[in-house]
Amino acid sequence: MFCTECGYKIEDGFKFCPNCGTKVMKIEEKEFTQKHVEEQQKIAQVESEEERLEHLIEEIFWREPLRCSKNAGELSRITGMPFRQALKIMDDKWKIFKKERKEGKYPDTQYCPLCGSHNIGPYETAAYTRTTKVDFFGESYHTEVIPGKVSATRLQCRQCNHSWTPKRKKK
């Protein structure tokens, strides 16, 4: 026999479940196990749908965390949920992100402070040419190409081209 409340296997002769204390009702094992398996499958299906939705929300949010409205539109388009509901989800996600960022969980060396993209790298100045006049009497010029430099301290977003110097952690 099995407990109808918690599913604990009970030996014959017990009047109450030793696990949860529920009064024992006689049910055949086949009937109970079939119902129990069906209930577990329904629960697993709901959990997997919720997990998929949560994964999708995370994926959309982390593409551009600072653009709630754009993210909500994309979530609404993909899932079919109303825009206002999607906007509320993304806004809640943004509030959590903002709080965790203040706590130092996401330092500004991992995301762009302007657009929120994770596609960042060292700041690179563009290469340029410099032309100098060599001879004052004869119109001769010297042209040289000055290569760009990679900064050791500044960072640049590859998505929006914003550059910044990361804040140093307080000791």
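Let me start with the largest nonpolar core, which has 13 residues, and in which Ile-60, Phe-61, Leu-75, Ala-86, Met-90, Trp-94 and Phe-97 touch the most other members. By nonpolar core I mean a set of buried Ala, Val, Leu, Ile, Met, Phe, Trp, Tyr and Cys residues joined through side-chain atoms within 4.5 Å, where buried stands for under 20% relative accessible area, exposed for over 50%, and partly exposed for what lies in between, with a 1.4 Å probe and protein chains only. Helix H1 (29–63), H2 and helix H3 (83–102) each supply at least two residues of this core; helices (H or I, at least four residues) and strands (E, at least two) are DSSP runs numbered from the N terminus. Apart from this core lies another one, of five residues, among them Cys-112, Cys-115, Leu-155 and Trp-164.

Before going on, a word on the basis of these values: this is a predicted model, in which local features need pLDDT of at least 70 and side-chain atom pairs count only at pLDDT 80 or more, while totals for chains, interfaces and linings use all residues. Residues are numbered from 1 along each chain as its sequence is written, and side-chain values use heavy atoms, with hydrogens and water left out.

As for the overall layout, the protein chain has three helices and five strands, and from the N terminus on its elements run α-α-α-β-β-β-β-β. Of the 171 residues in the protein chain, 23% are buried. If we take contacts, meaning heavy atoms within 4.5 Å, between residues at least 6 apart in sequence, 44% of them join residues at least 24 apart.

Now to the helices. Two packed helices are described by the angle between their axes and the distance between the axes. For H2 and H3 the angle is about 130° and the axes are 8 Å apart, the axes being lines fitted to C-alpha atoms, for helices over the stretch in contact, and the angles running from 0 to 180 degrees between N-to-C directions. H2 and H3 are therefore oblique to each other, since angles under 35 degrees count as roughly parallel, over 145 as roughly antiparallel, 65 to 115 as roughly perpendicular and the rest as oblique. On the H2 side the contact is made by Cys-68, Ser-69, Asn-71, Ala-72, Gly-73, Leu-75 and Ser-76, and on the H3 side by Phe-83, Ala-86, Leu-87, Ile-89, Met-90, Asp-91 and Trp-94. Sorted by class, the contact of H2 with H3 has nine nonpolar, four polar and one charged residues, where Ala, Val, Leu, Ile, Met, Phe, Trp, Tyr, Cys and Pro count as nonpolar, Asp, Glu, Lys and Arg as charged, and the others, Gly among them, as polar.

Leaving aside neighbours within four places in sequence, Leu-87 is in contact with Cys-68, Ser-69 and Ala-72, and Leu-87 is itself partly exposed, with a relative accessible area of 30%.

Let me finish with the loops. Ser-117, in the loop between H3 and strand E1 (120–124), is buried with a relative accessible area of 2%, and touches Arg-63, Pro-65, Gln-110, Tyr-111, Cys-112, Cys-157 and Gln-159, not counting residues up to four places away in sequence. Ser-117 and Gln-159 are 42 residues apart in sequence and 7.0 Å apart in space, C-alpha to C-alpha.

His-162 sits in the loop between strand E4 (150–157) and strand E5 (163–164), and counts as partly exposed at 26% relative accessibility. Beyond four places in sequence, the residues touched by His-162 include Cys-112, Pro-113 and Leu-155. In the loop between E4 and E5 there is also Asn-161, which counts as exposed at 56% relative accessibility. Most residues other than glycine have a negative phi, whereas phi of Asn-161 is near 70°, a positive value.
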